[in-house]
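Hi,

Here is the model I promised to pass on. Have a look, and my notes follow below.

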Amino acid sequence: MIPYGKQTIEEADLEAVAGVLRSDWLTTGPKVAEFERAVAEFCGIEHAVAVSNGTAALHAAMAALGIGPGDEVVVPAITFVATANAVVYQGGTPVFADINPETLLVDPDSVESKISDRTKAIVAVDYAGQPCDYDELREIARRHNLPLVSDACHALGASYKGCPAGSLADISIFSFHPVKPLTTAEGGMVVTNNPELAGKVRTFRNHGITTDFRQREASGSWCYEMVSLGFNYRLPDLSCALGLSQLARLPSWIRRRNEIAAVYDRAFMETDGVRPLVSKPDRTHGYHLYVVTLQGDRNAAYTQLRDAGIGVNVHYMPVYLHPFYRDRGYPAGLCPAAEKVFSSILSLPVYPLMTDEQVGEVIGKVCATADRSGQVCFQ
Ligand SMILES: *Cc1c(COP(=O)(O)O)cnc(C)c1O
């Protein structure tokens, strides 16, 4: 099976991790700050705080912004469930905004229409690795005096009008899960230019304690104070060493993802019933996902392609259609564009180590599926 996404692990990664295993620090050691510095520089931003995964990063961002019971946060209808769940962790209420069916990026007009007196933040999601319409979103956030959060889990290495993902909102978050642009196994990061928010995230990831063990060792004091309720959301040195080693190769991986996407785009231009999502010319796409919409029966195409060894997938069902959210009163029909496009989307394999032959095989099988089911599915 050709998977829809896959990590790239090379000799340098093995050496980086082995080096930490031979050192004195497995968890909060020197690699954490080094990785934070490297990601901050990569994104052109002041502060970066490493956490245990992307979901923890979202949770920490919501906590730092002071989201609590009674507060509403506008999130896109089509995203991974964690984007909305982080609001619920804090006792807040996610309010779902509709998406643009050509890009699956959140629709700024829909975002603005969902703002109420109880809204406390807006979350944008760089779906598939393409940065959102940040000029419009920042303007809406400014007009309503709301913080803008970027869930850039798909988009490390992407950019908008020359500005890197991570530098486009008041606070941005990344995931380093193996299918994401780079991996630390599990891992995440919160980045911001706001020192107060960064400080809150730093405390939140370490039980609400204001100093870490190495800082106490350095100052020769045993004393620590817990000032707020936090979690153990730390990212180990082992993972940070892997992340540092990966980050050096990220730009070449993004180039390869774009190369593959360009080959797909050309092939599907000539295939009836298969249409790639639109990528905007003013931004660099990260192609964490390569998504097409199908004219016919998506579920039939999914099964046929899986049976043919192509690990296609669906990203994502509108979040509020999951039983957890339905049970909390979110009705079907809430975001019509999201629901309509959801029934036709399919993610095709794309990852840096994918060979030209594999890309050709995917194209051949997708086109065969489209032809074969031309009468059955795609009419
Ligand atoms: C992967 C992902 C997350 C969660 O990241 P984890 O590291 O898996 O916790 C959140 N939001 C989006 C959009 C994601 O793709």
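In which sense do β5 and strand β8 pair, and over how many bridges? The sense is parallel, over three bridges, with D151 standing opposite I173 in β8. Pairing here takes at least two DSSP bridges between the strands; strands (E, at least two residues) and helices (H or I, at least four) are DSSP runs numbered from the N terminus.

Before you go further: this is a predicted model, where local features need pLDDT of at least 70 and side-chain atom pairs count only at pLDDT 80 or more, while totals for chains, interfaces and linings use all residues. Residues are numbered from 1 along each chain as its sequence is written, and side-chain values use heavy atoms, leaving out hydrogens and water.

Back to β5 (residues 148-151): L148 and S150 on one side and V149 and D151 on the other are all buried (under 20% relative accessible area; exposed is over 50%, partly exposed in between; 1.4 Å probe, protein chains only). Strand β4 (residues 119-125) runs parallel to β5, joined by four bridges, and A124 stands opposite S150.

Now the salt bridges (a Lys or Arg side-chain nitrogen within 4 Å of an Asp or Glu carboxyl oxygen): the count comes to 20. One of them joins K280 and D133 at 3.4 Å, N to O. K280 sits in the β10-β11 loop and D133 in the β4-α6 loop, so the pair ties together parts 147 residues apart in sequence. D133 is buried, at 10%, and K280 is partly exposed, at 25%.

Within helix α6, E139 and R143 lie four residues apart and meet in a salt bridge of 3.3 Å, N to O.

Cheers
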